[in-house]
Amino acid sequence: MVLTAVLTYDDSVEFIFAVQEEDTVLRQLHHRRENLPEGENVNRIEAELAELSNAKQLLSVQQLEILQRQKRCEQEVGAVESRISELDGKLYGGMITSPKEATSLETEIRHLKERQDELEEKILELMEEVEPQEKEIISISGRIATRETELITARDELLVAESEIEETLNAAVKRRELAANETDSELLKRYESLRGAFGSSVVVKFDGNNCKGCPSTMPAMESDRLKNTPEGVFSDCTECGRMVVR
Ligand SMILES: [Zn+2]
């Protein structure tokens, strides 16, 4: 077994443990801040709002299309009406020279009136189609307004919750800074480099027989080696790789 380099930082022992403790607190606080129920509430309302806005937009587009069709029908009715009155004028204006011409005008007028009825019926149908859509749009708009009010409240609540955590975070950052300042910079560097691998148990204590970071009992040889390192001296545990101190 290769014994790894022994690092000696007597004075730093308690401070590096304090650094580690604050790092754990900070990680938990960050996690809490990212997963606040207030934040989830804001996300939920925002998602609902987006869904409602999409639905409203879709209905508005459909409604616009129907209104355009209605407008085209109305324009055609207008054209048909003026053509009818033009033909009526001819028919009753005493300008007709033959019965055949009168019959032909009457036929055209009849056809135009049929077309006018058809169009007017269509316009009524379109108006009936628009009506429930209009109601739905109004209802959705109302729900959007309610959600928007809820969102303002939810965002305020989130800000309050976040600032509470922020305060606790800042205090932990300060405590960590103080502890880090008291820790030997090499020891701190080594600790930082192992954080990704060991998280909240980079530095661990030797309980007299075993490294507390090791999942199982240490081999006697490694245990003996640690028993013989002076107190306050960090050593790399050859079993788990953590920084262990007696
Ligand atoms: Zn170990």
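## Exposure and the basis of the model

A residue is called buried if 20 or more other C-beta atoms lie within 10 Å of its own, exposed if 12 or fewer do, and partly exposed in between, with the C-beta atoms placed from the backbone. Ser 216, which lies in the loop between β2 and α5 (220-227), has 8 C-beta neighbours inside 10 Å and therefore counts as exposed. Helices (H or I, at least four residues) and strands (E, at least two) are DSSP runs, numbered from the N terminus.

The model is predicted, and local features need pLDDT of at least 70, side-chain atom pairs count only at pLDDT 80 or more, and totals for chains, interfaces and linings use all residues. Residues are numbered from 1 along each chain as its sequence is written.

## Helix α1 against helix α3

Two packed helices are described by the angle between their axes and the distance between the axes. Here the axes are lines fitted to C-alpha atoms, for helices over the stretch in contact, and angles run from 0 to 180 degrees between N-to-C directions. The axes of α1 (residues 13-34) and α3 (residues 99-181) come within 9 Å and cross at roughly 160°, which means that α1 is roughly antiparallel to α3. The angle classes are roughly parallel under 35 degrees, roughly antiparallel over 145, roughly perpendicular from 65 to 115, and oblique for the rest.

The crossing of α1 and α3 is left-handed, a term used if the near helix is turned anticlockwise from the far one by less than a right angle, and right-handed is used if clockwise. Residues are in contact if their C-beta atoms, placed from the backbone, lie within 7 Å. On the α1 side the contact includes Phe 15, Val 19, Leu 26 and Leu 29, and on the α3 side it includes Ile 165, Leu 169, Val 173 and Ala 180. The residues of this contact divide into 12 nonpolar, 1 polar and 7 charged, where Ala, Val, Leu, Ile, Met, Phe, Trp, Tyr, Cys and Pro count as nonpolar, Asp, Glu, Lys and Arg as charged, and the others, Gly among them, as polar.

## Helix α2 against helix α3

The axes of α2 (residues 37-92) and α3 come within 6 Å and cross at roughly 165°, so α2 is roughly antiparallel to α3. This crossing of α2 past α3 is left-handed, and the contact has 30 nonpolar, 10 polar and 26 charged residues.

Glu 81 lies in α2 and, with 14 C-beta neighbours inside 10 Å, counts as partly exposed.

A nonpolar core is a set of buried Ala, Val, Leu, Ile, Met, Phe, Trp, Tyr and Cys residues joined through C-beta atoms within 7 Å. The largest one has 19 residues, and Ile 16, Tyr 191, Val 203 and Met 243 are among those with the most contacts inside it. At least two residues of this core come from each of α1, α4 (185-198), β2 (203-205) and β4 (243-245). Leaving aside residues up to four places away in sequence, Met 243 touches Arg 190, Tyr 191, Leu 194, Val 202, Val 203, Phe 234 and Asp 236.

Ser 200 lies in the loop between α4 and β2 and counts as partly exposed, with 13 C-beta neighbours inside 10 Å. Not counting residues up to four places away in sequence, Ser 200 touches Gln 20 and Thr 24.

Note on methods. Contact = placed C-beta atoms within 7 Å.
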